[in-house]
Amino acid sequence: MAAIKSTIPSRRFDAVIIGAGGSGMRASLQLAEAGLNVAVLSKVFPTRSHTVAAQGGIGASLGNMSEDGWYWHMFDTVKGGDYLSDQDAVEFMCREAPKVVYELEHFGMPFDRNPDGTIYQRPFGGHTANFGEKPVQRACAAADRTGHAMLHTLYQRNVRAKTHFFVEWMAIDLVRDAEGDIIGVVALEMETGEVMMFEAKTTILATGGAGRIWAASTNAFINTGDGMGMAARAGIPLEDMEFWQFHPTGVAGAGVLITEGVRGEGGILINSQGERFMERYAPTLKDLAPRDFVSRSMDQEIKEGRGCGPNKDHVLLDLRHIGADTIQKRLPSILEIGHKFANVDATKEPIPVVPTIHYQMGGIPTNIHGQVVAPKNGNPNAIVNGLYAIGECACVSVHGANRLGTNSLLDLLVFGRAAGNHVVASDLKSRSNKPLPADASDYAMSRLSHLEHSTGSERVQDVANDIRATMQYYCGVFRTDELMSTGVTKIMELDERRKHVSFKDKSKVFNTARVEALELDNLIETAKATMVSAVARKESRGAHAHRDFEKRDDENFMKHTLWYSEGNRLDYKPVITKPLTVETFKPKARTF
């Protein structure tokens with residue numbers, strides 16, 4: 001693309017946060033309350049961010065129901081992540097967990113309560129006492145609408161702190177100066193099509209995941225990997241992108257999430273013979289084994305002919321025995337979802353469920369302060385000045401190869417707060433914004449111009465749908481070398497097709513079409529990162545279940561993958577196995 005000299009309007013801030021979900025608003029709250037001039041850009045109204053869909057709870061070892069401790073929580077997280085998690089980051093997160101939950105409670109979060117007034121906690125998959133001995137109740141919940149309650153609580157606090165929200169703005173590209181520092185972002189107002197430069201001393205990516213690269217997903221349509229796309233185009237690698245969690249219980253045919261909290265409250269999975277089949281696969285934790293484990297068990301039941309329905313393509317989630325009163329009190333949204341998306345009354349009949357893509361464990365590499373790190377001049381952990389990433393778009397890596405349930409909301413709170421604190425401590429107020437290079441907006445504007453003037457024959461939606469179908473078929477719950485190698489070829493063909501998308505009738509182009517075309521650029525970067533990273537990992541670990549290499553290979557693959565967009569190449573970096581203060585959890589076979 002030829003560079004196009006452009007001058008666009010510019011606004012200056014101390015910090016710009018891209019994304020108004022749980023992590024973005026937790027960070028913006030720290031900054032606004034410290035008196036910094038902070039802008040938050042969001043594609044949707046803040047309380048419509050995808051955090052609103054989180055149901056089950058926030059993991060924290062409060063010990064309100066029975067004895068618990070952060071060290072047990074840390075063990076469950078490391079084991080759940082199949083030992084690929086960085087143990088320093090895991091210790092930090094699990095130690096901070098009670099503090100951020102109590103802080104949220106003081107912000108006004110309406111948690112469910114025990115009779116003595118303490119926060120109610122429910123059991124959850126992979127949460128155990130005494131290093132795997134028995135299940136423990138650790139998930140701090142607000143019925144089955146925990147993310148909804150959390151997002152509204154944080155939004156209200158941000159309004160009080162006078163955070164600047166730019167609603168229905170889409171960030172297009174990061175702006176780097178000659179030294180490689182990030183000094184702002186170019187963004188598009190979705191309603192008017194106006195393009196503006198947001199200059200910032202610090203830019204924080206909080207754009208969420210990219211679940212829409214799959215055909216069957218629990219993710220909202222806005223989850224198109226925008227943060228990953230922007231980082232990749234700016235030369236920053238993406239870490240561990242082969243690891244995607246299939247949530248065991250998406251409504252069959254609809255993909256809508258049924259929280260693990262249903263199983264926490266006593267729900268069970270049954271096959272066509274009415275068997276509680278998880279007893280066979282995980283005799284101790286049964287239906288509350290970690291998600292990758294339960295998803296593979298469900299897939300196995302279906303493949304062996306014990307699936308339900310006319311096509312035998314799903315299993316059933318049975319909560320009838322819990323009782324209508326408990327369901328209405330603890331799981332009201334699930335009752336509603338059962339009615340609307342499965343046409344069943346969950347108090348009287350089971351819900352049809354199937355493993356559905358849910359969460360990305362990988363993302364933009366960061367340290368525990370949220371600072372983006374990328375190898376440079378022999379330093380594997382060199383800081384990218386001026387850039388932070390938090391939440392699902394980041395890879396700290398606390399989730400390793402498979403995230404433990406409830407650690408997603410915890411990740412948002414802990415690292416959103418940590419990044420906010422780190423930015424405040426860096427004393428932004430005393431520094432001035434770095435000068436913009438003359439060509440600061442050229443790259444973003446040339447991409448927009450290419451879209452406007454393209455005479456290609458491809459439609460955005462056709463290419464996007466083919467990406468989703470390709471990822472679903474070639475990179476599913478179970479993977480093989482043959483499938484993934486073909487998948488890489490097909491994704492690269494789709495990357496070529498993407499370069500030739502255009503709007504058929506230029507006179508009727510709505511800004512939604514432009515936004516979808518820009519999102520397509522982010523979808524393809526994330527899809528390439530996933531396929532290329534997955535085919536190179538010749539082992540089974542966590543959510544990456546490889547039929548040709550069914551064992552975990554700690555000798556060759558106890559390492560993080562780094563994928564670079566330029567050259568579509570891979571590199572690796574070591575896993576941090578040394579925690580901050582305690583003994584290392586050494587890799588063991590995962591049994592439940």
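Predicted model: local features only at pLDDT ≥ 70, side-chain atom pairs only at ≥ 80, totals over all residues.

Trainee: Start with Gln55. Where does Gln55 lie?
Mentor: In a loop. That loop runs between strand 2 (38-42) and strand 3 (58-59).

Trainee: Is Gln55 buried or exposed?
Mentor: Buried. Its relative accessible area is 9%, and the cut-off for buried is under 20%.

Trainee: Which residues does Gln55 touch, leaving out those up to four places away in sequence?
Mentor: Among them are Arg122, Asp144 and Arg145. The list also includes Leu257, Ile258 and Thr259, as well as Ile334 and Ile337.

Trainee: What does the side chain of Gln55 reach at 3.2 Å?
Mentor: The backbone oxygen of Leu257. A polar atom of the Gln55 side chain also lies 2.7 Å from the backbone nitrogen of Thr259.

Trainee: And how far apart are Gln55 and Ser217 in space?
Mentor: 16 Å, C-alpha to C-alpha. In sequence they are 162 residues apart.

Trainee: New topic. How many cavities of 30 Å³ or more does the structure hold?
Mentor: One. The largest cavity has a volume of about 40 Å³.

Trainee: Which residues line the largest cavity?
Mentor: Phe246, Asp292, Ser295, Arg296, Val477 and Ala543.

Trainee: Which helix gives the largest share of that lining?
Mentor: Helix 8, residues 291-303, with three residues.

Trainee: How does the lining divide into nonpolar, polar and charged?
Mentor: Three nonpolar, one polar and two charged.

Methods:
Residues numbered from 1 in each chain as written. Heavy atoms only, no water. 1 Å grid on protein atoms, 1.4 Å probe; cavity = no way out; pocket = protein on both sides within 12 Å on 5 of 7 lines; lining within 4 Å. Points joined across faces, edges and corners; volume = space filled by probe spheres on them. Helix = DSSP H or I, 4+ residues; strand = E, 2+ residues; numbered from the N terminus. Nonpolar A, V, L, I, M, F, W, Y, C, P; charged D, E, K, R; others polar. Buried < 20%, exposed > 50% of the residue type's maximum accessible area, 1.4 Å probe, protein only. Contact = heavy atoms within 4.5 Å. Polar contact = N/O pair within 3.5 Å; in protein donor to acceptor, adjacent residues only side chain to side chain.
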